[in-house]
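Trainee: Please take me through some of the side chains in this model, giving the cut-off behind each term as it comes up.

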Amino acid sequence: MSARGRRGRAFYAFLALAASAGNAPTVPATGERPEPVLELKETSVLPKDWGTTYSGTIRSQRLGAVRTVDIYVPPTFSKTRRKYPVLYLTDGEYNFERAVVAEMELARSGHIPESLVVAIETPERRQDLTPPGLSAMQSDGPDQRGEKFVHFIMDELRPQLEARFRAGAPSVLMGHSHGGILCAYVAAKWRKEIPFVVALDAPVHIDDGWLAKTLASSAAEPGNLRLVSLEVKFGWPDDLWSKLVAVAPKDWKLSRIKLADEDHESMVFGGFYRGLKELFSDYSQVQVKGLGGPAAFDHYLQLEPLYGGSVAPPRAVLEHAEMDLCALGTRDLARKALNAWAEDYGEPEDFQDRLSEIDEAAEALKGKETVEQLLALDPPTAVQIAPYLGVWKGHSWVDVDESRKSDITVTFSVENGRGVAKIVNEGAPPEFRSETCRYLRVTPAGIEFGNMNGMFPPGIVARIGRLEGATLAGEAVFKGVYFRWPKDLGRRPHHMFALERVTG
């Protein structure tokens, strides 16, 4: 049988129950030693546009052995100078590709920050992953190297990653089964260095719940913690989890997820995907959906103390923020968003065109009312709106195809001494058919009425109407924002309307 085959048999060995042993963590002696060197070569594990993968070895003085390491680097690495969070993974010989696919898909979807994936092969896994304090049965003997293994990651491997791949914060540890044992131990003893932990089916019950009790008893010690436990066969006993939640500081993030339709062996990919998504739930672009550019920036600034360093917002958030801020004519903030996009993900191909549009929008909106100012205007008085009172029926259409017209009804009335405008779009779905206008204004030239646009850019779509006898006609335009029609789409269409008064 091959060495990998023997490791595979050990990987799925049943975890025996044993009595707890009260050994104190051992700390290897420190002294003047040459720094371990990570020898790497590029591999072809994944398609090139997914990023770059490497495989190599490092001789650990902490472990007294050579360990093989596989590394995934996101595709933006060569275009940027920022630091990247690191996902450390035990049992790397089995789980590297699954962890990379989970990271890549979640990062592309804006759920988690782009991260390095560092998978450490653990051929002597029951020794490497068993912390001191558990019974010797868990490590198949007296050599419990879990503490040494974490020292290897932090003291020997991480400096190499910082120097060569700009490893940053936060550090994340992910482990399955026996690897989950080490995860629980790290949560208790190493959370200042590794504050984010994803444990898959960790047998927390072993040795009379020693792992759970150790973590709970450490709650008063410094160090923030995010712990996600994915469970199928093992995991946390209900009573021990309840006790942990009861003593945990308020700033800890503890999540326990039961995976349906999985077993202990099949759960790995789903566990990595669900675990990382939950771990970084406050990073997800879903959290800032609907927020303007400044508010989105502020959200990710607030994450920095929680993550232990600067946070690159999802690319889609930066792109939306740049477009949003450009449309509002806020030159400095729009440039900030565009520069952050370039610094965090590489310059977009149309970088210079975007800069020009930012300047163009700022000039076009200079001295004009903002969306907030327009919405804050008082509605017209009863006297001002008097020429338009009544029910108007007619059509709206786009001038590039006047054969396709939509029926609309507009009613102008007075409520509590102020003008009110209501629109019924006869052909729209029921949920969009009727609307009361948030924006209503009478000017010397006519009447303006409309609402916020439900798409981009986030401005007011206002119908600008002028009386021509018994007809109220005009065009729908954006107000409070700048909109430049793409040149490659040809002539910009105009949205027209014409209404006839049916009741006065």
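Trainee: What relative accessible area does R354 have?
Mentor: This is a predicted model, in which local features need pLDDT of at least 70 and side-chain atom pairs count only at pLDDT 80 or more, while totals for chains, interfaces and linings use all residues. Residues are numbered from 1 along each chain as its sequence is written, and side-chain values use heavy atoms, with hydrogens and water left out. With buried meaning under 20% relative accessible area, exposed over 50% and partly exposed in between (1.4 Å probe, protein chains only), R354 is buried because its relative accessible area is 13%.

Trainee: Which residue forms a salt bridge with R354?
Mentor: A salt bridge requires a side-chain nitrogen of Lys or Arg within 4 Å of a carboxyl oxygen of Asp or Glu. The closest N and O atoms are 3.1 Å apart, and the partner, partly exposed at 30%, is D350.

Trainee: How many residues apart in sequence are the parts that K258 and E231 tie together?
Mentor: The side chains of K258 and E231 meet in a salt bridge at 3.0 Å, N to O. Helices (H or I, at least four residues) and strands (E, at least two) are DSSP runs numbered from the N terminus. K258 lies in strand β9 and E231 in strand β8, so the separation of the parts they tie together is 27 residues.
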